[in-house]
Amino acid sequence: FFFLMIRRPPRSTQSRSSAASDVYKRQVQDKALKKGLNIFGVGKWSKINEYEFNNTFSDVELELRTCILLGTTDLTPYIGKRLDEDDIDFIRKKTITCLLYTSDAADDLLCVDLGGRRIIKKK
């Protein structure tokens, strides 16, 4: 007879919010990013950051969030273009994406962790 007990972390602590609040926070951030993309355009990360996020994120983080939002890894065709909700939906629908989503990528956007190896690192 073998007994295995797995201790789960608390649902919410001061240092780590619950999954539900993380989802809500991302929805609010996505809405702000969409607004910034509509006002300033793709590639204007510092303006979007200052206007929508009070300089909370780095340019690299906003670029990555935009890639995730649009469902693409190549923003080149959209640089300088202002995107509204319909443009974003159109881009998402025409792009076939396989997004690797791990807790590391979701939580700190610094890198993606595959089996203990970090394969994308922010400089």
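**A buried leucine and its surroundings**

Analyst: With a relative accessible area of 0%, Leu70 is buried. The model under discussion is a predicted one.

User: In which helix is Leu70 found?

Analyst: The chain has five helices and two strands. Among these elements, the place of Leu70 is helix α3.

User: How far apart in space are Leu70 and Phe90, C-alpha to C-alpha?

Analyst: Along the sequence, Leu70 and Phe90 are separated by 20 residues. In space, the distance from C-alpha to C-alpha is 9.0 Å.

User: What pattern does the chain follow when read along the sequence?

Analyst: The elements comprise five helices and two strands. Read in sequence order, they give the pattern α-α-α-α-α-β-β.

User: What percentage of the residues of the chain count as buried?

Analyst: A residue counts as buried when its relative accessible area is under 20%. The chain has 123 residues, and the buried share is 29%.

User: Is Leu37 buried or exposed?

Analyst: Leu37 belongs to helix α1. Its relative accessible area is 0%, and the limit for a buried residue is under 20%, so Leu37 is buried.

User: How far is Leu37 from Glu85 in space, C-alpha to C-alpha?

Analyst: In sequence, 48 residues separate Leu37 from Glu85. Their C-alpha atoms lie at a distance of 9.6 Å.

**Charged side chains**

User: Which side chains meet in a salt bridge?

Analyst: Side chains of opposite charge can pair when their charged atoms come close. A search of the whole structure finds one salt bridge. Its distance, N to O, is 3.0 Å, and the side chains that meet are those of Lys34 and Glu85.

User: How many residues apart are Lys34 and Glu85, and which helices hold them?

Analyst: The pair links distant parts of the chain, with Lys34 in helix α1 (residues 19-39) and Glu85 in helix α4 (residues 85-94). The separation of Lys34 and Glu85 is 51 residues.

User: Why does Lys34 count as partly exposed?

Analyst: The partly exposed class lies between the buried limit of under 20% and the exposed limit of over 50%. Lys34 falls into this class because its relative accessibility is 23%.

User: Which residues gather in a patch of negative charge on the surface?

Analyst: Asp87, one of the members of the patch, lies in helix α4. Asp87 is partly exposed, as its relative accessible area is 30%. The residues that gather in this patch of negative charge are Asp84, Asp86, Asp87 and Asp89.

**Aromatic pairs**

User: How are the rings of Phe40 and Tyr51 arranged?

Analyst: The structure holds two aromatic pairs. In the pair of Phe40 and Tyr51, the ring centres are 5.4 Å apart and the planes stand at 75°. An angle over 60 degrees counts as edge-to-face, so the arrangement of Phe40 and Tyr51 is edge-to-face.

User: Where in the chain are Phe40 and Tyr51?

Analyst: Eleven residues separate the two, and the pair links distant parts of the chain. Phe40 is in the loop between α1 and α2 (45-53), and Tyr51 is in helix α2.

User: What relative accessibility do Phe40 and Tyr51 have?

Analyst: Phe40 counts as partly exposed, at 22% relative accessibility. Tyr51 likewise counts as partly exposed, and its value is 49%.

User: What angle do the ring planes of Phe53 and Phe57 make?

Analyst: Phe53 and Phe57 are buried. Their ring centres are 5.1 Å apart, and the pair is edge-to-face because the planes stand at 80°.

**Two asparagines with positive phi**

User: What is the phi of Asn54, and where is this residue found?

Analyst: Asn54 is found in the loop between α2 and α3 (59-70). It counts as exposed because its relative accessibility is 67%. Although Asn54 is not a glycine, its phi is positive, at about 55°.

User: What value is the phi of Asn55 near?

Analyst: Asn55 has its place in the loop between α2 and α3. Asn55 is a residue other than glycine with a positive phi, and the value is near 60°.

Notes
Residues numbered from 1 in each chain as written. Predicted model: local features only at pLDDT ≥ 70, side-chain atom pairs only at ≥ 80, totals over all residues. Heavy atoms only, no water. Salt bridge = Lys/Arg side-chain N within 4 Å of Asp/Glu carboxyl O. Helix = DSSP H or I, 4+ residues; strand = E, 2+ residues; numbered from the N terminus. Buried < 20%, exposed > 50% of the residue type's maximum accessible area, 1.4 Å probe, protein only. Patch = residues over 30% accessible without salt bridge, like charges linked within 9 Å, V, L, I, M, F, W, Y side chains within 5 Å. Areas by Shrake-Rupley, 256 points an atom, 1.4 Å probe, with all protein chains shown as cover. Lys, Arg positive; Asp, Glu negative; His and termini not counted. Charge placed at Lys NZ, Arg CZ, Asp CG, Glu CD. Phe/Tyr/Trp six-rings, centres within 6.5 Å; stacked < 30°, edge-to-face > 60°.
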